[in-house]
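Visitor: I have a structure open beside its sequence, and I would like to learn how to read it. Could you take me through it feature by feature?

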Amino acid sequence: MSRPVTLTMNAGVATVTLTQPEIRNAFSDEVIAEITAAFETVAQVADVRAVVLAAEGPAFCAGANLNWMRRMADYSREENLADAGKLAHMLHTIYTCPLPTIARVQGDVYAGGMGLVAACDMAVAVNTAHFCLSEVKIGLVPATIAPYVLRAMGPRAGHRYFLSGERFDASEALRMGFIHQVVTTDALDDAVDQLLKHLLQAGPQAVQACKKLVLDVAERDINATLIRDTVERIADIRASSEGKEGVQAFLGKRKPNWLS
């Protein structure tokens with residue numbers, strides 16, 4: 001049985017790849033644990049200079065996997081706190097990785113997958129990719145990913161796309177600054193390689209110092225207080241009657257009661 005996440009290292013570059021295209025690389029607790037472990041590992045390897053986060057198949061990441069959602073649909077608030085805490089830890093591990101990180105976005109990005117892209121330092125996407133913060137459609141909020149996504153797209157875009165849950169294309173993601181470059185599928189690897197070339201030509205200690213400078217200076221720290229706040233927000237709404245109804249309606253392929 002193949003692993004849902006692979007880690008390879010070559011010529012100073014580590015590549016963390018989501019390898020479940022049949023389920024659109026959706027999250028589960030196992031996937032979250034493996035992504036976390038991969039980034040913790042590469043941060044300790046002396047000759048790794050940069051990290052690429054990639055995925056296989058037509059979607060980069062579609063958010064939570066259905067089996068995981070079925071389990072969390074019946075979680076208590078305490079269980080939701082523990083569950084959301086693991087996702088929050090994964091995102092913080094990516095965001096604070098001392099090495100520069102690049103999201104190689106080869107397909108659609110939905111819900112929690114938006115957090116993966118936003119937690120990386122740089123993002124290159126194909127022009128056919130679509131993006132969506134779809135949580136409100138099932139009665140939830142993108143709380144755990146919010147600190148990272150809002151840093152990437154800005155609060156003004158956040159007001160629209162957090163609240164509407166509407167899908168937007170790669171050109172809109174570029175316009176708002178959520179991604180840095182849009183290319184054709186054939187040009188994706190070349191674009192990532194160009195970024196890696198710049199990173200590998202720079203002083204390795206200077207690159208790490210620059211990343212720390214940005215993290216230390218830009219906006220509010222993503223610290224334990226903020227992380228705890230986001231974890232509590234998602235736990236509260238998952239355990240609410242509307243949150244439970246939205247998830248159950250989604251899993252049952254029916255309209256939620258607020259649309260009946």
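Visitor: How many helices and strands does the protein come to?

Guide: The secondary structure comes to 11 helices and 10 strands. Helices (H or I, at least four residues) and strands (E, at least two) are DSSP runs, numbered from the N terminus. Before we go on, this is a predicted model, in which local features need pLDDT of at least 70 and side-chain atom pairs count only at pLDDT 80 or more, while totals for chains, interfaces and linings use all residues. Residues are numbered from 1 along each chain as its sequence is written, and side-chain values use heavy atoms, with hydrogens and water left out.

Visitor: In what order do the strands of the open sheet come?

Guide: Two strands pair if DSSP finds at least two bridges between them. In this model 6 strands form an open sheet, ordered E1-E2-E3-E5-E7-E10, with mixed pairing. The edge strands, E1 (5-10) and E10 (181-183), each pair on one side only. From one strand to the next, the twist averages 20°, where axes are lines fitted to C-alpha atoms (for helices over the stretch in contact) and angles run from 0 to 180 degrees between N-to-C directions. Within the sheet, E3 (residues 50-55) and E5 (residues 101-105) run parallel and are joined by 3 bridges. Valine 51 has threonine 101 in E5 as its bridge partner.

Visitor: How many aromatic pairs does a search of the whole structure find?

Guide: A pair of aromatic rings is described by the distance of the centres and the angle of the planes. Rings of Phe, Tyr and Trp (its six-membered ring) pair if their centres lie within 6.5 Å; planes under 30 degrees apart count as stacked, over 60 as edge-to-face and the rest as tilted. The search finds 4 aromatic pairs. Tyrosine 95 and tyrosine 148 have ring centres 5.2 Å apart and planes at 70°, so this pair is edge-to-face. Because tyrosine 95 lies in helix H3 (residues 77-95) and tyrosine 148 in helix H5 (residues 146-153), the pair ties together parts that are 53 residues apart in sequence. Tyrosine 95 counts as buried at 17% relative accessibility, and tyrosine 148 is buried at 2%.

Guide: Phenylalanine 131 and phenylalanine 178 are also an edge-to-face pair, 5.9 Å centre to centre with 75° between the planes. Both of these phenylalanines are buried. Ring pairs link Phe131, Tyr161, Phe168 and Phe178 into a cluster.

Visitor: How many disulfides does the structure hold?

Guide: A disulfide is a covalent bond between the sulfur atoms of two cysteines; the cut-off used is a pair of cysteine sulfur atoms within 2.5 Å. The structure holds 0 disulfides. For cysteine 61, the nearest cysteine sulfur, that of cysteine 120, is 12 Å away. Cysteine 61 is buried, with a relative accessible area of 0%. Cysteine 210 has the sulfur of cysteine 97 as its nearest, 15 Å away, and counts as partly exposed at 46% relative accessibility.

How values were computed:
Buried means under 20% relative accessible area, exposed over 50%, partly exposed in between (1.4 Å probe, protein chains only).
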